[in-house]
Amino acid sequence: MRVISGKSKGRKLKEPSDYAIRPTTDMVKESVFNIIQFDIEGRRVLDLFAGTGQLGIECLSRGASECTFVDMSAEAIALVKSNLKTCGLTGRVVRDDSLSFLKRGERFDLIFLDPPYAEELLSQALRIIYSVDILNEGGIIVCEGPREKLLPEPEAPYYKIKEYRYGRVKLTTIGKENKK
């Protein structure tokens, strides 16, 4: 696992000691950042279910103004902190239940949702984001889940941008309209 681009390009990130934390594969990560490459600089990012923190770290490396990393696991929090230090980056690291964190209403421009596949957390997180409305206008949500997983349909001002399939993984991008 490495940082693909930006000021921390090439830095190796620590990986989990077991499979309780499932990092995004390099192929899927490269695809994600090809999709959103022009929507990162200066943005407020939320890396929910952060795991190793690699998605948020990639954003910080590419010029995001700030990133909040949220995970419930003590191992994940330690990994994120270590990986930020390795890359010479700073971010806010929060140990909390991800769904509870969303309900606080803090707003972001770019949100990554990559929860454990076996649970219904992805659908639950999306429903909370839609109801609490924490995505800024023109913002993007990037969801990673199993290929067969159906997500709740977004309601205006949210809309599905596109779905991408990579083996058993499905990426779904969701946007929020600008009212201007």
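Predicted model: local features only at pLDDT ≥ 70, side-chain atom pairs only at ≥ 80, totals over all residues.
Biologist: Where does Asp-133 sit, and what is its phi?

Modeller: Asp-133 is in the loop between helix H5 (121-132) and S5. Its phi is positive, about 60°, although Asp-133 is not a glycine. Phe-49 has a positive phi too, about 55°, and is not a glycine either. Phe-49 belongs to the loop between S1 and H2, and with 11% relative accessibility it counts as buried.

Biologist: Which peptide bond is cis?

Modeller: Go to the bond from Ala-156 to Pro-157: it is cis, with omega near 15°. You'll find Pro-157 in the loop between S5 and S6.

Biologist: Let's zoom out. How many helices and strands does the protein chain have?

Modeller: There are 5 helices and 7 strands. These are DSSP runs (H or I of at least four residues for helices, E of at least two for strands), numbered from the N terminus. Read along the sequence, the pattern is α-β-α-β-α-β-α-β-α-β-β-β.

Biologist: What does the radius of gyration say about the overall fold?

Modeller: The rule for a globule is 2.2 Å times the number of residues to the power 0.38, with the radius taken over C-alpha atoms. For 180 residues, a compact globule would come out near 16 Å, and this chain has 15 Å, which agrees. The C-alpha atoms fill a box of roughly 40 × 35 × 30 Å along the principal axes, and 53% of the 180 residues count as buried.

Biologist: What share of the contacts join residues at least 24 apart?

Modeller: A contact here means heavy atoms within 4.5 Å. Among contacts between residues at least 6 apart in sequence, 63% join residues at least 24 apart.

Biologist: Now the sheet. How many bridges join S1 to S2, and in which sense do they run?

Modeller: Two strands pair if DSSP finds at least two bridges between them. Strand S1 (residues 44-48) and S2 are joined by 5 bridges and run parallel.

Biologist: How does the pairing carry on from S4?

Modeller: S4 pairs with S5 in the parallel sense, over 5 bridges. Follow Leu-110 to its partner Ile-140 in S5, then Ile-111 to its partner Ile-141. S5 and S7, though, pair in the antiparallel sense over 7 bridges; Pro-146 stands opposite Val-169 in S7.

Biologist: Which of these strands are mostly covered?

Modeller: S4 is, with 6 of its 6 residues buried. S5 has 10 of its 12 residues buried, so it is largely enclosed by the rest of the structure.

Biologist: What does Leu-46 touch?

Modeller: In general, side chains in a regular strand alternate between the two faces of the sheet. Leu-46 lies in strand S1 and is buried, with a relative accessible area of 0%. Leaving out residues up to four places away in sequence, Leu-46 touches several residues, including Thr-68, Val-70, Phe-101, Phe-112 and Ile-134. The C-alpha atoms of Leu-46 and Ile-141 are separated by 9.4 Å, although 95 residues apart along the chain.

Biologist: And which elements do the buried residues of H1 pack against?

Modeller: They pack against helix H2 (54-61) and the strands S4 (108-113), S5 (135-146), S6 (158-166) and S7 (169-176). The buried residues of helix H1 (residues 26-36) are Val-28, Lys-29, Ser-31, Val-32, Phe-33 and Ile-36.

Methods
Residues numbered from 1 in each chain as written. Heavy atoms only, no water. Buried < 20%, exposed > 50% of the residue type's maximum accessible area, 1.4 Å probe, protein only.
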